[in-house]
Structure formats: structure tokens, C-alpha cells
Amino acid sequence: MEHIRGVNLGGWFVLESWMRPALFEGLTGPDETHFMQNHKDPHQALDNHYQTFITEADFQYLKAHNITQVRLPVPWWFLGTDLYHRSKEHIDRAFEYANRYGIQILLDLHTAPGCQNGFDNGGITGVIDWPKDKKNIDQTIEVLKSLVSLYHENNAFVGIEVLNEPHSSIDIDIILDFYERSYQEIRKITQKLIVFHDAFRPKLGVWKTFFKNKDNVAFDLHLYHCFDERIVNGGELNHLKVVIEERHQMIQNLSKFVRVIVGEWSLGLRESKMDFKDPFSHDLFVRLLADLQLYVYNQAFGFYFWNYKIDRESHLNWDMRRMIDADLLPKNY
């Protein structure tokens, strides 16, 4: 497959309230479980959301800017459950648009039964029950098999990421066993790309052994600038040093034994911790940080910016489309 220069279509099939706050108006929780339990008409609201958040015009925009790869987060409940809304037909439509405009889709299983990380993007904030019951892990593998069986013959399907961001507190042996089983089961169906997240532990020695003798796989790193207190509190130049001195070396080291994908990165900053003289200085720094990250992450197998769209006036630095239109990200990929 071609070198990846792509973007995430997050917030479409897995809700995060910060990405489209109008959808959560009147609700207090940030995640899809809270949404389904407390919205007065969640199924109708979600059908409308699926049809309007990302449309064919967005795929046209991606094509016009030579973005031919997207990472598409999907939930374990994509076929629907007693609680959760079915999204399968809308995912089908995403594949229709992708085929129409020559865009490849990496499916990304973004949630798991019991929740794998306790984040809003895992579907249930504050809960990490996925590793506590073998049935949850078994069910996750069945969901992966269903997704791959449905889409592996589609021309737009480039591969699948088996699970987004399993929490750093989960025993690595549980994660490695799940990854191994997932690999073996998916390989019974397709030889297309399989991606594994680093579980926030990219430097563990176990990865070299895990990836040995595995074909058409990649290792996913999520590299942000607003969550690590060491980076946040280090000043503007520290943001740049982390990219060029630490992340560049890490990507080079890992790339010796596995292809590396930066599956999520952004220009989100905690600007209250930064001292910009004026808007001109701010934009200069954002462009510099953007170009530096693009240069370094382009040394890997590829990257996906998070995210294509944030449906609110704030959070510009997380919104690829607005960043491109503001000349803060390149117009041609």
C-alpha cells in the first residue's frame, strides 16, 4: 500500500461530546453510553448525526487536497444492541464515498465491551472493565471478525486496527494475548493490513518479539502535545525538541523491526501555558510545530491527523479542514 498521509474521521460513529457539543445539549456526560441513556430520542438524533457530520462533500474535499487515506473509528456495537444504535449502513455509505473518490479506509475498532480505557472515546468514561472478563475479549475478537468479513473484499478497505488505546494500566500480557489472537483470526479471512496500538508503552522490549514473523502489520503511536505535563510545562521550544529529538529517534528505532504509523496527532496545545506575543507569533509557532511534526511523522510509514472536523467554533488546532483553510496545514498532500 502507498505511504499514508491521512486524517481521522473521528466523532462520526463514536461520539465524543467535545467534538460536537450541540449534539449533547442538555446532557452532562461526555460519551456515547451517557448519550444513549439520557437523550430523549437518541436513535433519531444519531441517524441525523450520521447523515450530517460527514457527507459526500467531505470526501470530495479530501480528494481535492490529495488526502487519499482515512482512519475510521467504529464502535463494537456497530450492528446495534439493546442500548446502542446501529451504524452499519452508514459505515457502508462511508465505503461508497471512499470508492467514489479513491480514498482508502483503515477501520479502527475504537471501543470494546466493558471499555478498554475509561476515556470518552472508549464509550464509557471512568470504566475499564474490558480486561476483567475473558468474555469481553472474546466478544471483541468476534466483532473484529465480523468487521473484516464484511469489508475485506471492498476496494476501499486497506486494513483494520484491532483496538484503539488500550489503557496503560492493563497488564501487557493480556494485551499481547489479545493482539496475537486477533492477528491469527483476521489472517484466516484476509492478508490486508493489521494495526496494533502501542498501549501507551512504545518502548517496551516485548514489541520486537511480538512483531517477528508477522506479515503486513503496523505499530500505531498516538503523539500529542497537550496531555503530557512534561511537554505542557516545558515552554514553546520544548514542544519542538520533543518532536525532533525524542519522537524522531523513537520512530527510527521502532522502524527497524516494524512499520510505524502515527495514528493520531494534532496541534492541540494548552495555550494558557504558553506566552505568545500576538496572533502573528501564535500562527508562526503553530505552522512550525505542524511542519516539524509532518516532517518527522512522514519518516514513518505514515500518519493520520486527529481530526478532520470539530463541529464548534473553538478547538481550531484539532480541525484539519479549518487548519488547511487557514493556511496552518498544507493544502496539498
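Me: What makes Y308 count as buried?

Reply: Bear in mind that this is a predicted model. Y308 has a relative accessibility of 1%, and buried means under 20%, so Y308 counts as buried.

Me: Why is the pair of Y61 and Y308 called edge-to-face?

Reply: Start with the distance: the ring centres are 6.2 Å apart, and rings pair if their centres lie within 6.5 Å. Then the angle: the planes stand at 65°, and over 60 degrees counts as edge-to-face. So edge-to-face it is.

Me: How do you know that this pair links distant parts of the chain?

Reply: Look where the two sit. Y61 is in helix α3 (residues 56–64), while Y308 is in the loop between β8 (302–305) and α11 (320–325). They are 247 residues apart.

Me: What makes the pair of Y224 and W318 tilted?

Reply: Centre to centre the distance is 5.4 Å, and the limit for pairing is within 6.5 Å. The planes are 40° apart; stacked needs under 30 degrees and edge-to-face over 60, with the rest counting as tilted. So the pair of Y224 and W318 is tilted. Both Y224 and W318 are buried, too.

Me: Why say that this pair ties parts of the chain together?

Reply: Because Y224 lies in the loop between β6 (217–223) and α8 (229–232), whereas W318 lies in the loop between β8 and α11, 94 residues apart in sequence.

Me: What makes β3 and β4 a strand pair?

Reply: Pairing takes at least two bridges. Strand β3 (residues 104–109) and strand β4 (residues 157–161) have four, in the parallel sense, so they pair. On the residue level, D108 has E161 in β4 as its bridge partner. The two strands belong to a closed barrel of eight, running β1-β2-β3-β4-β5-β6-β7-β8 with parallel pairing. From one strand to the next, the twist averages 25°.

Me: Which residues touch the most other members of the largest nonpolar core?

Reply: That core has 98 residues, and W12, F59, L72, L107 and L329 touch the most other members. Helix α10 (residues 279–297) supplies the largest share, eight residues. Apart from that core lies another, of nine residues, including V195 and F301.

Definitions and conventions: Residues are numbered from 1 along each chain as its sequence is written. This is a predicted model: local features need pLDDT of at least 70, side-chain atom pairs count only at pLDDT 80 or more; totals for chains, interfaces and linings use all residues. Side-chain values use heavy atoms; hydrogens and water are left out. A nonpolar core is a set of buried Ala, Val, Leu, Ile, Met, Phe, Trp, Tyr and Cys residues joined through side-chain atoms within 4.5 Å. Buried means under 20% relative accessible area, exposed over 50%, partly exposed in between (1.4 Å probe, protein chains only). Axes are lines fitted to C-alpha atoms, for helices over the stretch in contact, and angles run from 0 to 180 degrees between N-to-C directions. Rings of Phe, Tyr and Trp (its six-membered ring) pair if their centres lie within 6.5 Å; planes under 30 degrees apart count as stacked, over 60 as edge-to-face and the rest as tilted.
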